[in-house]
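Student: I have the sequence and the model open. Can we go through some local features of it?

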Amino acid sequence: MVIVLSVLVLAVAVSGAFYKGPALRQKAAQHRLAQHWAPPYRVLPLLGLAHAASLADAGRLPRADLDRLWREMKSYKGTYPVLLWLELAWLEVRAGHQQMARQALVRARQADAKLYNFWLRHKRWDPWRTQLGLPEP
Amino acid sequence: MSQGDSKTVGYWQPATLLAGFSWAVFAASRWALVMTTKPDGQVAVLWVWPPWWQTVAIGLGAWLLQFLVALWQRGWLAQQALDRPQAYRRAYRAWWPCLALLLVPLMELCWPLYGFSTAPLALGREAWPLAALAVAAAVLLQTRLAAPELLRRGRSDHRLWLAPLVFLLALGVFAGVGVRLNEVSGQTGYLMAGDEPSYLLGTHSLAVDRDLDLLDNILLRENSYFSDPARLVLGHGTWTPDRSWVSNHRPGLPALLSPFYAWGLYSDLGPRKLATILVWLLGAWMVLEVFWLARFYTGREGPALLSAAAAALALPGLLYSNLLFPEMAAAAFSVAAFRRLRMAQPGQYGMLLLAGVLAAYLAWFHERFILLSVLLAFYALVRGHWRSFGGVMAFFLPCIVSAWLLSTYFSHLYGTPLPDPHIHAQGAYLNPRGAWEGLSGLWVDAGEGLLPYSPIWMAAVAGLIWLLRRRPGDGFWVLLMALATYLTAGLYADWFGGINPPARYLVAAVPFLALGMAAGARWAPRRFMLVTVMLAVLTVAAAAFVMHYPSAVYGHSVVLGQGLQFPLVENLLPAYIFAHQQPALNAQLGLIWLCVAGVVVLALQVDGQRFSPISALICLLGAFLVVAGAATAADRIGPGLTAYRNPAHRIALWERARVFPGEGPSWRVGPAGPQPQEALLELSLPPARYSRFPAKPVSEGAEAVTVPPLAAPKLFLWGQYLNLPPGRYQVTARLSGPYRGPQLVAWLDVSLDKGRQVLTRSQVSGQQLGKPLVLEFDLPRGARHLEVRVGTTGRDRLVLHSLSIVPRLKSARARTP
């Protein structure tokens, strides 16, 4: 009985953070920002925060936040920029900025056409395939 | 004769005198430096001795020690319930096993002398502490057997506090390993490899997004929370029919890890660190279950503690307690379910329900654990839990529901209701290279096998047979559970488990194997503990080595031979995955060592043991000869001990030569050949092995490389990464080329820190080509990752014939005989 109770208490205790779910992304990104990550990977927590905010508010994001992401991405010198451009394109199109989303997609394709085509197969892009002129998978 | 006389005069008995002499010869002969070479295909051995007075002093010191121990032993036996003359007689006779020690120097000298093999020599040089330990343990055992009334079995009382203590100690050990791994790798270090990052990405997805689709996590590069941000982790994924990207791994482990991982994200303490705590808890739980089950089977706490210690301290459990693979969880779940099925009485539905849930969950870790679930279901039937409707429902309902859910999961994600080999098994479950590879490799492969890292499991197998003999019902099922894990893993195409520390797929068998330790300690003859102590020493030494250098166990490398002068592990054992040997050769080497393991297991099955020092001596001699014979056979079949492919072996010799007291006599055994001083200490750095484009071998299989004329200077050889002891060294290169003018054609340097620190450098003109180019340098504090680099100016074609490095010993210790 003692063992069962201990396990139950432990389970309840550890599930506290798990309960927060998507808010964890925001929390984790804030920890990163507090650590003042230097370039090139400073953009990662910013994208994480923007992703969380986009999900929380039906895609709406302040233009200033998106512009900062653009600035960070234009100076990004790290690995696999294609993935980050795709994420930015997704944030832009959810925010209703299709022209900017197209620009981000162009940047993504320029960075790595193979990975660009690969990840565009995902169902995430289905609502905007026609608008953005994306190929059918 | 008075008592006082017998105390002093009594030592001068043949057994004790010869024992002292054996220890003296054995100890004195350990300090010689031995070098081998193979001129004209015939092995030559050079023995270099320390000054004679040192040799004699060491021998006399060992003899004196034996004399003192013999006096103490005689006195101790006289105090036991034996009459004094009988006690003294038995005390002297107990020393007979020491004569086996004479066999070691005898084999070291005679075997190569008659051209047999250097294998016994290598064993004698490297493994002599084990021989000494075996002989000392045999004397101790015979001394104990001399007073039979001392051999009382332990009491059967059960102390309540012992189980929590076992759990806490295991938790402490696993946490200690975690601290060490974190120390060497950091939160995001190079230690993580293989499937671990993929499991963590899946965990992240579950914790943050509450789904299995990894796209968000990949695009946001969220593997940066547990690994290098520059790295891309795709989660070993695949497209589902609805075009989601999900991991090929089952979600069982990520689901367990995610609450702990979530705390790591939330608190910024590091999600991997926090997730590891769960694996510590699972590991400690597994050890506790082993302790409980072993105590139940044997009725004793001592053997149960031995089982728990083996489960906790021996590899692979020790290392997998800190790796985020499903292995430890499967081990804990399977043994916990097994124990509950064994202990449950009619009407204990809660216990059966828990067993059912645990058995059902196993399949969610990986489909190879489905066999364990099926066996547990059969065990539930055999234990009679089918007799009540409640019992059947309690155990089987979770299993049926889980099977249905798993089938739905597979259908939804992969379009097939059953696990498909293409999902995550390289297209086939059964090994296309043959069953023997995995079945033997899992035990004795030099890099991936269980026994080279943890030979104690050999004793555990012998113990399991004792469990089968004394408690056939329980023994059968425990053996079946261990065997099911072994066969599933051994027949699997990926039997080595991918890029991860060795014997990964046997972790789930660890709790069941560990039960054999308790059974052996409880029912096997006393020699079981003798063998266990020896194997435990080896096991702890291997575990300590792995803890010292944990990252080395990744990447299919053979690491345990690194500190040895002779390449025992690399050249005598099969190495299926680190593919430098022919598959057929590996199979034969595997057979040889499995036969030796079989002999050990059989020897521990012979029942009963009484005071008989001569029998002990014969057994020891037999054991030494079996091991030496097996090593000789492996030496003959395989590449041979004189094949030095790994620079670490030559450097181990340099280290010994550096600290060697020196200036004694030297012997040469075998044919005349190269002068020993340089020839036997020289480390060849074959250009073909370390060269890079545009250099290429002059012909197939050749060591020399050629570099064409180039438009710009280019480095074409580097990357030896030698770890050298302090001393002075000489590098010699032989370059040639058509151009013989005064202009520079090449350069040669010695560097550290990936070329950032150059120790010495030499420019090579065309006039110097064809002559040996020599560079000398000092390393006052030794060096790590030293490279000898060669570059071309591009002036003309170059051929690099050879490259070598040799230590310049202060005194000519390895003197020419």
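Student: Which backbone nitrogen lies 2.9 Å from a polar atom of the side chain of B:D445?

Tutor: Keep in mind that this is a predicted model. B:D445 sits in the loop between α20 (435-444) and α21 (456-470) of chain B. The backbone nitrogen 2.9 Å from a polar atom of its side chain belongs to B:E448.

Student: What is the nearest side chain of opposite charge to B:D445, and how far away is it?

Tutor: B:D445 is buried and has no salt bridge. A salt bridge needs a side-chain nitrogen of Lys or Arg within 4 Å of a carboxyl oxygen of Asp or Glu. The nearest side chain of opposite charge is B:R433, at 9.8 Å.

Student: Leaving aside neighbours within four places in sequence, which residues is B:D445 in contact with?

Tutor: Contact here means heavy atoms within 4.5 Å. With those sequence neighbours left out, the residues in contact with B:D445 are B:S440, B:P452, B:W495, B:P574, B:A575, B:Y576 and B:I577.

Student: Is B:C399 buried or exposed?

Tutor: The cut-off for buried is under 20% relative accessible area. B:C399 has a relative accessible area of 17%, so this cysteine is buried.

Student: How many disulfides are there over all chains?

Tutor: A disulfide requires a pair of cysteine sulfur atoms within 2.5 Å. By this rule, the count over all chains is zero.

Student: What separates the centres of domain 1 and domain 2 of chain B?

Tutor: Domain 1 of chain B covers 3-151 + 610-655, and domain 2 covers 683-808. Their contact takes six residues from domain 1 of chain B and eleven residues from domain 2 of chain B. Taken over C-alpha atoms, the separation of the two centres is 46 Å.

Student: Where is B:P316 found?

Tutor: The peptide bond from B:L315 to B:P316 is cis, with omega near 5°. B:P316 itself is in the loop between α13 (301-313) and α14 (317-320) of chain B.

Student: What is omega for the cis peptide bond from B:F693 to B:P694?

Tutor: B:P694 is in the loop between α30 (687-690) and β7 (696-697) of chain B. For the cis bond that joins B:F693 to B:P694, omega is near 10°.

Student: What is the phi of B:D753?

Tutor: B:D753 lies in the loop between β12 (744-752) and β13 (757-765) of chain B. At 42% relative accessibility, B:D753 is partly exposed. Although B:D753 is not a glycine, its phi is positive, at about 55°.

Methods
Residues are numbered from 1 along each chain as its sequence is written. Chains are lettered from A and ligands numbered from 1 in the order in which they are written. This is a predicted model: local features need pLDDT of at least 70, side-chain atom pairs count only at pLDDT 80 or more; totals for chains, interfaces and linings use all residues. Side-chain values use heavy atoms; hydrogens and water are left out. Helices (H or I, at least four residues) and strands (E, at least two) are DSSP runs, numbered from the N terminus. Buried means under 20% relative accessible area, exposed over 50%, partly exposed in between (1.4 Å probe, protein chains only). Lys and Arg count as positive and Asp and Glu as negative; His and the chain ends are not counted. A polar contact is a pair of N or O atoms within 3.5 Å; within protein, one must be able to donate a hydrogen and the other to accept it, and residues adjacent in sequence count only if both atoms are side-chain atoms. Domain bounds come from an automatic or database domain assignment.
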